[in-house]
Amino acid sequence: MKRSCPEAEERDGGLRRAVTEIERLLGYVFRDQSLLAEALTHSSYPDHRSYQRLEFVGDAALSLAITNHLYLTNPDLGPGRLSALRAANISTEKLARVAVRHRLYRFLRRNSHALDQMVFDFTNLVMMEREEEIGWAPYGGSTVKAPKVLADIVESIAAAVYVDCNFDLELLWKVSSTRPLLFAASWVYNGGWGLGIQGDSGADHHVGEHGRAAGDNALRALSEAGQKHRDQELEERFCEHHQRLC
């Protein structure tokens with residue numbers, strides 16, 4: 001009779017608990033739970049497929065889902081402001097804070113003490129941030145860049161839902177927006193957090209031209225910060241790929 005390994009049983013039990021907890025958090029039951037298991041596996045965890053392919057899908061799917069939402073709910077906004085709002089809401093800094101507030105990192109299968117320390121330090125800083133800072137400050141009010149792994153977890157979980165529901169973008173948006181996947185940290189909206197433009201309710205914030213200019217500048221800074229982070233991530237991935245080839 002084959003005896004099971006206690007360590008393997010413990011790992012399997014931990015994964016089952018993680019799947020159950022995340023399904024509860026999302027309000028979504030997976031047909032294929034292996035997708036969620038993959039979404040919760042870092043490349044440092046040996047002999048298992050990592051979340052990298054799902055993260056690739058999740059990045060694009062969340063971007064398109066929020067693009068659709070902003071286009072439909074802000075008919076008077078031009079492409080510049082729409083782009084800035086999208087960048088602010090799906091930036092690495094924003095999504096990393098979603099992961100922190102839901103303690104998603106505890107579910108990640110990984111084998112990297114350096115990564116653990118980096119996330120620990122960032123988490124401690126985020127928990128000291130004021131709620132109103134999260135929505136507009138390029139670094140959420142702190143001076144530390146978010147570890148990319150935290151945003152990757154959110155994107156990978158979103159991708160797991162997207163693939164599991166047969167690429168139904170409307171269902172992905174429903175899960176992401178009505179449940180707290182995207183909105184655990186403050187939602188940056190048209191007129192919110194003192195940006196000086198008209199809000200979703202249509203009420204004028206009465207901030208005048210100076211306030212509107214400040215709002216435009218804040219949105220532009222968020223957009224530029226988000227693009228800078230993406231450029232840095234692409235450069236880091238290229239360097240890693242080049243090193244492996246050499």
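Modeller: Please bear in mind that this is a predicted model. Let us begin with Phe-167, which has a relative accessible area of 47% and is therefore partly exposed. Phe-167 sits in the loop that joins helix H8 (148-164) to H9.

Colleague: What is the phi of Phe-167?

Modeller: The general idea comes before the case. Most residues other than glycine have a negative phi. Phe-167 is not a glycine, yet its phi is positive, at about 60°.

Colleague: Which residue just after H5 takes a positive phi?

Modeller: That residue is Arg-103, with a phi of about 55°. Arg-103 is not a glycine either, and it belongs to the loop between H5 and H6. Its relative accessibility is 52%, so Arg-103 counts as exposed.

Colleague: May we now turn to the overall architecture? How many helices and how many strands does the protein have?

Modeller: The protein has ten helices and zero strands. Read from the N terminus, the order of elements is α-α-α-α-α-α-α-α-α-α. Of the 246 residues in the protein, 46% are buried. Taking contacts between residues at least 6 apart in sequence, 68% of them join residues at least 24 apart.

Colleague: How should I describe the packing of a pair of helices?

Modeller: Two packed helices are described by the angle between their axes and the distance between the axes. Consider helix H3 (residues 52-73) and helix H9 (residues 169-178): their axes come within 10 Å and cross at roughly 85°.

Colleague: Which residues of H3 and H9 meet?

Modeller: From H3, the residues are Ala-61, Leu-62, Leu-64, Ala-65, Ile-66, Asn-68 and His-69; from H9, they are Leu-169, Leu-172, Trp-173 and Ser-176. Sorted by class, this contact of H3 with H9 holds eight nonpolar, three polar and no charged residues.

Colleague: At what angle do the axes of H5 and H6 cross?

Modeller: They cross at roughly 90°, and the axes come within 10 Å. H5 and H6 are therefore roughly perpendicular to each other. On the H5 side, Glu-93, Ala-96, Arg-97, Val-100 and Arg-101 take part, and they meet Phe-122, Thr-123 and Val-126 of H6. The contact of H5 with H6 comprises four nonpolar, one polar and three charged residues.

Colleague: Is helix H5 mostly covered or mostly uncovered?

Modeller: Helix H5 (residues 92-101) is mostly covered, with nine of its ten residues buried. The buried residues are Thr-92, Glu-93, Lys-94, Leu-95, Ala-96, Arg-97, Val-98, Ala-99 and Val-100.

Colleague: How is empty space in a protein found?

Modeller: Rolling a probe the size of a water molecule over the atoms shows where empty space is left. In this model, the second largest pocket has a volume of about 270 Å³. Its lining is formed by 15 residues, and those closest to its centre are Arg-106, Phe-107, Leu-108, Arg-109 and Arg-110.

Colleague: Which helix gives the most to the lining of the second largest pocket?

Modeller: H1 gives the most, with five residues. Helix H1 (6-26) and helix H6 (113-126) each supply at least two residues of this lining. By class, the lining has five nonpolar, four polar and six charged residues.

Colleague: Where is Leu-108 found, and which residues does Leu-108 touch?

Modeller: Leu-108 is found in the loop between H5 and H6. It is buried, with a relative accessible area of 4%. Leaving aside residues up to four places away in sequence, Leu-108 touches Ala-39, Leu-40, Thr-41, His-42, Tyr-51, Val-149 and Ile-153. Leu-108 and Leu-15 are 93 residues apart along the chain, while their C-alpha atoms are separated by 8.9 Å.

Colleague: Is Ser-50 buried or exposed?

Modeller: A residue counts as buried when its relative accessible area is under 20%. Ser-50 has a relative accessibility of 13%, so it counts as buried. Ser-50 lies in the loop between helix H2 (33-39) and H3. Beyond residues up to four places away in sequence, Ser-50 touches Glu-38, Thr-41, His-42 and Ser-43.

How values were computed
Residues numbered from 1 in each chain as written. Predicted model: local features only at pLDDT ≥ 70, side-chain atom pairs only at ≥ 80, totals over all residues. Heavy atoms only, no water. Axes fitted to C-alpha atoms, helices over the stretch in contact; angles between N-to-C directions. Helix = DSSP H or I, 4+ residues; strand = E, 2+ residues; numbered from the N terminus. Contact = heavy atoms within 4.5 Å. Nonpolar A, V, L, I, M, F, W, Y, C, P; charged D, E, K, R; others polar. Buried < 20%, exposed > 50% of the residue type's maximum accessible area, 1.4 Å probe, protein only. 1 Å grid on protein atoms, 1.4 Å probe; cavity = no way out; pocket = protein on both sides within 12 Å on 5 of 7 lines; lining within 4 Å. Points joined across faces, edges and corners; volume = space filled by probe spheres on them. Parallel < 35°, antiparallel > 145°, perpendicular 65-115°, else oblique.
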